[in-house]
Amino acid sequence: MLYHYTCHHGRRGIGFSGFIVPTPSLWGLPLVWLTDMRPPGREALGLTSHMLDCDRLAYCYKVDAPLGVEPWLESRARADAPLLSVLMLEQAPGVDPRRWFVSTARQFGALDRHYGLQFRRDWGANAGATP
Ligand SMILES: [Zn+2]
C-alpha cells in the first residue's frame, strides 16, 4: 500500500476515489508522487512549500495497486533528471528520499476517510477546510 497526500485543491480534483494524475516536476517531467509513510512526515516528504493557504498533508489517498511505481532513488525519472533538480529535492532540510515513490502513470486512489480524524486536526490553519 502506498499513499498520496494532497491539499484541498488536489482533493477536489480526485474526488472520493479517482485517478491521481501526474503533475509536472521541477524539471518538467509529469510524475505522481507517493510514499509509504503513514502518518506522513511533512519534512521527510518535502511537503512544506507550496501556496501559503495549502496544506499538502490535508488529505490522504490510499493507492492499493500502484502501477509502474518505482522507489524514487532507483527510478528512471531520477536517473534522467537534471542533477540540479535532484539536488534541490534531495538536499532540502529534513527530507528522506527513501520514502518517496514515483510513477509517470496515473494512479487510482481512494480517499482515506479515517486519516483526517486521526492526524489532520493537528496540522494548522487549513486542517478543517472542506473540499
Ligand atoms: Zn492546493
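Tutor: Two strands pair if DSSP finds at least two bridges between them. Keep that in mind as we read this predicted model.

Student: How many bridges join strand S3 and S4, and in which sense do they pair?

Tutor: Strand S3 covers residues 23–24, and it pairs with S4 over two bridges. The sense is antiparallel.

Student: Which residue in S4 is the bridge partner of Thr 23?

Tutor: Leu 31 in S4 is the partner of Thr 23. Look at the turn as well. The hairpin of S3 and S4 has five residues between the strands. In that hairpin, Gly 28 takes a positive phi near 100°.

Student: Over how many bridges does S4 pair with S7?

Tutor: S4 and S7 pair over four bridges, in the antiparallel sense. Find Trp 33, then look across: Val 102 in S7 stands opposite.

Student: Is S4 mostly covered or uncovered?

Tutor: Mostly covered. Five of the six residues of S4 are buried. For the protein, 26% of the 131 residues count as buried.

Student: What about Gly 18 and Glu 74: where are they placed?

Tutor: Gly 18 is in strand S2, residues 17–20. Glu 74 is in the loop between strand S6 (70–71) and helix H2 (76–80).

Student: Why does Gly 18 count as partly exposed?

Tutor: Count C-beta neighbours. A residue is buried at 20 or more other C-beta atoms within 10 Å, and exposed at 12 or fewer. Gly 18 has 15 inside 10 Å, so it counts as partly exposed. Glu 74 has 9 other C-beta atoms within 10 Å, so it is exposed.

Student: How far apart are Gly 18 and Gln 107, in sequence and in space?

Tutor: They are 89 residues apart in sequence, but 8.2 Å apart in space, C-alpha to C-alpha. Now take contacts between residues at least 6 apart in sequence. In this protein, 86% of them join residues at least 24 apart.

Student: Which residues touch the most other members of the largest nonpolar core?

Tutor: Tyr 3, Tyr 5, Leu 34, Tyr 61 and Val 102, out of 23 residues in that core. Strands S1 (2–6), S4 (30–35), S5 (59–63) and S7 (100–103) each supply at least two core residues.

Student: What is Tyr 5 in contact with, leaving aside its neighbours within four places in sequence?

Tutor: The contacts of Tyr 5 include Pro 40, Leu 45, Leu 47 and Arg 56. Leu 57, Tyr 59 and Cys 60 are also among them.

Key. Residues numbered from 1 in each chain as written. Predicted model: local features only at pLDDT ≥ 70, side-chain atom pairs only at ≥ 80, totals over all residues. Contact = placed C-beta atoms within 7 Å. Core = buried A, V, L, I, M, F, W, Y, C linked by C-beta atoms within 7 Å.
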